Amino acid sequence: MLGLTASEAAEKIAGGELSAAELFAFYRERAAADRAAGAEGLNCFTWVAEENGSADGPLGGVPLAVKDLFCTEGVPSQSGSKILEGYRPPYTATAVQRLQGAGATLLAKTNQDEFAMGSSNENSAYGPVRNPWDRARVPGGSSGGSAAAVAAGLAPWALGTDTGGSIRQPAALCGIVGMKPTYGSVSRYGMIAFASSLDQAGPLTRDVRDAALLLSHMVGQDPCDATSLQLPEPLAVPSAERLDGVRIGVPGELTGEGIEAGVLEAFRAALEEAVSLGAEISEIALPHAPHGLSAYYVLAPAEASSNLARYDGVRYGLRAPEARDLLDMYTRTRHDGFGAEVKRRVMLGTYALSSGYYDAYYGRAQRVRTKIAEDFAAAFGHVDVIATPTAPTVAFALGEKTGDPLAMYLNDYCTVPMSLAGIPAISIPCGLSDGLPVGLQLAGPAFSENRLLDAAYALEQALGFDGSAARV
Ligand code: GLN
């Protein structure tokens with residue numbers, strides 16, 4: 001069972017060769033063992049299901065691991081934070097509900113950076129996640145539990161969210177596939193918010209076909225999220241083996257300085273593979289992309305400071321005892337409940353939005369965001385797909401960057417521009433450097449999911465990456 005992709009498992013269940021209950025029991029046991037091992041294990045999960053849900057539909061009962069920040073009715077949904085300890089929502093997020101409606105069963109909730117703020121999963125109030133390729137290293141973040149679980153074979157596939165890179169970067173560091181779709185294509189209803197103009201849900205899977213299948217059952221307009229949209233065409237499971245005529249643009253700004261040599265080597269080898277499949281490679285310019293991180297670290301904290309104002313000890317989770325009065329209760333609850341990175345972002349965001357500074361920071365960052373989107377629009381006049389490494393380095397050691405937030409923020413150098421522009425991007429494993437996986441990112445214009453999945457699938461077949469060494 002461990003050798004099957006989720007799509008293969010769904011086919012076998014549909015064909016009567018495999019029972020959904022057996023598959024669920026198999027993965028439940030593996031996930032529960034990791035949870036029971038605590039800090040000795042990979043620490044991928046914050047909750048594991050006791051029993052199998054109903055399994056009718058095209059996803060045939062294949063179990064699904066879901067990032068902690070998706071609300072799941074009656075099941076702990078804490079967004080990696082102590083301030084939501086014990087919170088069990090009365091409803092389920094639309095994305096999860098749709099997948100359950102299509103026959104996926106909830107296997108587990110996955111560990112993550114607190115409120116999705118982080119690139120290493122070391123910001124979780126429930127302890128760090130370890131990378132199954134090397135347990136002394138981080139899995140990436142913030143969807144690190146989802147990525148490590150899929151890479152280690154503790155879940156067939158998983159849901160994550162990506163605000164500035166949190167699906168693509170952990171997928172890259174764990175040697176699996178991760179896709180952030182076009183902003184708005186998946187409903188954010190029931191996703192515990194970080195930065196609402198950037199947050200998007202997406203799949204973390206073993207291969208590209210699994211990503212297409214899972215995403216195809218999540219997308220679509222939802223009356224509960226006014227920013228959600230209908231994709232102009234249905235998502236198809238990819239089958240193209242060639243890249244004839246596909247124009248791939250390589251931006252100098254995201255493929256030079258700051259990217260590790262071993263990562264660049266694997267990236268260039270993947271481009272050569274693309275050429276042998278018929279693609280045309282050309283250099284393009286994204287002149288404002290290097291300013292993406294600066295804009296992101298004003299905009300995302302600004303939105304977070306507003307979204308996180310609701311955690312006051314009154315409505316959800318933690319409430320500090322022994323407060324003198326209401327204000328004291330708010331203050332103590334937030335003091336005790338939020339971790340250091342979350343406090344840093346709330347302070348940064350509050351500052352950036354304060355009167356007198358609003359134009360200088362927030363207003364300017366919004367203008368940079370527009371420039372970045374315009375760069376992409378201009379580039380897509382010449383090319384169909386843009387390729388970059390997903391992350392500048394391979395997985396780094398636990399503790400290596402925790403003392404230096406700016407070094408940590410650089411992880412998202414290549415992924416943040418696409419988030420700011422709202423365009424889709426996929427990361428696929430493209431090789432190893434020092435025995436650790438390297439991710440290749442492909443990005444396209446809004447609603448080009450099918451094109452990206454086709455290109456990623458063709459490359460995946462040609463590259464033949466083998467992730468089985470990470471399975472536990
Ligand atoms: N690492 C980035 C951050 O800390 C992105 C996180 C995300 O995409 N959720 O904000």
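Predicted model: local features only at pLDDT ≥ 70, side-chain atom pairs only at ≥ 80, totals over all residues.

Reply: Residues are numbered from 1 along each chain as its sequence is written, and side-chain values use heavy atoms, with hydrogens and water left out.

Me: Which residues of α2 are buried?

Reply: Buried means under 20% relative accessible area and exposed over 50%, with a 1.4 Å probe and protein chains only. In α2 (residues 20-37), the buried residues are Ala-20, Leu-23, Phe-24, Tyr-27, Arg-30, Ala-31 and Asp-34. They lie on the same side of α2 because they cover an arc of only 135° around the axis. Exposed Glu-29 and Ala-36 sit on the face turned away from that buried side.

Me: What covers the buried residues of α2?

Reply: The cover includes helices α1 (6-14) and α4 (144-152), together with strands β1 (45-48), β2 (63-67) and β3 (105-110). After α2 comes Gly-38, with a positive phi near 55°.

Me: Which polar atoms lie 2.8 Å from the ligand?

Reply: A polar contact is a pair of N or O atoms within 3.5 Å. A polar backbone atom of Ala-116 is 2.8 Å from a ligand nitrogen, and one of Gly-118 is 2.8 Å from a ligand oxygen. From Ser-142, a polar side-chain atom lies 3.5 Å from a nitrogen of the ligand. The protein covers 100% of the 290 Å² of accessible area (Shrake-Rupley method, 1.4 Å probe) that the ligand has on its own.

How values were computed: Helix = DSSP H or I, 4+ residues; strand = E, 2+ residues; numbered from the N terminus. Arc of directions from axis to C-beta. Contact = heavy atoms within 4.5 Å. Polar contact = N/O pair within 3.5 Å; in protein donor to acceptor, adjacent residues only side chain to side chain.
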